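User: Hi! I am new to reading protein models. Could you walk me through this one, feature by feature?

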Amino acid sequence: MQHAASFRSELDSPKMADLLGSILSSMEKPPTVHNQESRRKAREQAARMKKLEEDEKRKKNEFRRKMEKEVSDFIQDSKLQKKKYNPMGKIERSILHDVAEVAGLSSFSFGEDEESRYVMLFKKEFAPSDEELEAYRKGEEWDPKKAEERRRLKEKAALEMEAASHSVKRPASPNSNYRDKYSHLIGTSAAKDAAHTLEANQAYGCVPVANKRDTRSIEEAMNEIRAKKRQKKGEEEGAGSATGV
């Protein structure tokens with residue numbers, strides 16, 4: 001009896017009451033009506049997202065199979081060199097480019113804005129030229145006959161210009177005009193005079209080239225040298241005799 005009374009007194013103590021209260025509060029409480037509704041909505045939202053992802057994946061696979069069939073038909077048709085598609089979204093264009101690459105085709109996207117962009121496929125043996133691609137980028141239609149005609153006209157014009165440049169002979173002209181070059185420094189009249197041929201000034205020993213040329217023969221020159229030597233020798237002997245007298 002004494003032990004039972006002691007146990008009841010411990011249960012009635014404040015410490016034991018706090019311990020029991022913390023244990024009960026830590027236990028999971030039954031969900032309220034509000035929590036049940038929130039969980040239900042979260043499950044429904046997750047299910048809708050999963051269904052959308054599955055639908056998107058299914059549509060992509062269907063579109064890929066459709067493009068694979070069209071690309072295969074395009075390759076097998078020997079009459080076709082290129083194929084143009086209607087404008088499509090970015091994801092669809094990406095799928096089509098991937099299918100074309102796997103099939104060994106060249107693919108390009110054209111169009112200025114996102115809504116008007118479209119894809120064109122080309123067989124490898126009929127790959128487009130730079131001029132053709134530039135026309136598509138500008139939104140123009142490509143006409144091979146007109147393009148060939150333009151190319152021939154350009155080549156013809158280039159050949160004519162080259163022939164004209166060889167046939168025309170330009171007159172020889174000095175590298176610079178001294179009158180124009182020095183007119184801003186010494187005036188027009190002075191520049192004109194400076195441009196004239198300079199005359200040799202004999203006072204400074206400038207002799208024209210024509211005057212420097214020796215027109216005598218070798219024999220005449222030798223005779224003249226001998227005469228000068230005899231004259232000089234005679235003058236020296238005469239001077240010596242005069243000194244002796």
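User: Let's start with charged side chains. How do arginine 151 and glutamate 155 meet?

Analyst: Side chains of opposite charge can pair when their charged atoms come close. Here the side chains of arginine 151 and glutamate 155 form a salt bridge, at 2.6 Å from N to O. The term salt bridge stands for a side-chain nitrogen of Lys or Arg within 4 Å of a carboxyl oxygen of Asp or Glu. Before we go on, two notes on reading the model. This is a predicted model, in which local features need pLDDT of at least 70 and side-chain atom pairs count only at pLDDT 80 or more, while totals for chains, interfaces and linings use all residues. Residues are numbered from 1 along each chain as its sequence is written, and side-chain values use heavy atoms, with hydrogens and water left out.

User: Where do arginine 151 and glutamate 155 lie?

Analyst: Both belong to helix 6 (residues 144-167), four residues apart, which is about one turn of the helix. Helices (H or I, at least four residues) and strands (E, at least two) are DSSP runs, numbered from the N terminus. Arginine 151 is partly exposed, with a relative accessible area of 37%, and glutamate 155 is partly exposed at 42%. As for the words, buried means under 20% relative accessible area, exposed means over 50%, and partly exposed is in between (1.4 Å probe, protein chains only).

User: How many salt bridges does the structure hold?

Analyst: It holds 14 salt bridges. One of them joins glutamate 62 and arginine 58, at 3.2 Å from N to O. These two are separated by about one helical turn, because they sit four residues apart in helix 3. Glutamate 62 is partly exposed at 38% relative accessibility, and arginine 58 is partly exposed at 39%. A network of salt bridges links Lys51, Asp55, Arg58 and Glu62.

User: What does glutamate 134 form with arginine 137?

Analyst: Glutamate 134 and arginine 137 form a salt bridge, with their closest N and O atoms 3.9 Å apart. Both lie in helix 5 (residues 130-137), three residues apart, so about one helical turn separates them. Glutamate 134 counts as partly exposed, at 36% relative accessibility.

User: Now the rings, please. How many aromatic pairs does a search of the whole structure find?

Analyst: A pair of aromatic rings is described by the distance of the centres and the angle of the planes. The search finds five aromatic pairs. One of the pairs is phenylalanine 108 with phenylalanine 110, which is stacked, at 6.3 Å centre to centre and 25 degrees between the planes. Rings of Phe, Tyr and Trp (its six-membered ring) pair if their centres lie within 6.5 Å; planes under 30 degrees apart count as stacked, over 60 as edge-to-face and the rest as tilted. Phenylalanine 108 is partly exposed at 26%, whereas phenylalanine 110 is buried at 3% relative accessibility.

User: Why is the pair of phenylalanine 122 and tyrosine 136 tilted?

Analyst: Their ring centres are 6.4 Å apart and the planes meet at 40 degrees, so the pair counts as tilted. It links distant parts of the chain, with phenylalanine 122 in strand 3 and tyrosine 136 in helix 5, 14 residues apart. Phenylalanine 122 is buried at a relative accessible area of 1%, and tyrosine 136 is buried at 6%. Ring pairs also connect Phe108, Phe110, Tyr118, Phe122 and Tyr136 into a cluster.

User: Which residues of the largest nonpolar core touch the most other members?

Analyst: A nonpolar core is a set of buried Ala, Val, Leu, Ile, Met, Phe, Trp, Tyr and Cys residues joined through side-chain atoms within 4.5 Å. In the largest one, of 13 residues, they are Met67, Val71, Tyr85, Leu96, Leu105 and Leu121. Helix 3 (33-76), helix 4 and strand 3 (118-122) each supply at least two residues of this core. Apart from it lies another core of nine residues, including Met120, Leu133, Ala135 and Tyr136.

User: Is arginine 93 buried or exposed?

Analyst: Arginine 93 is buried, with a relative accessible area of 8%. This residue is found in helix 4 (residues 90-103). Leaving out residues up to four places away in sequence, arginine 93 is in contact (heavy atoms within 4.5 Å) with Met88, Ser109, Glu114, Arg117 and Val119.
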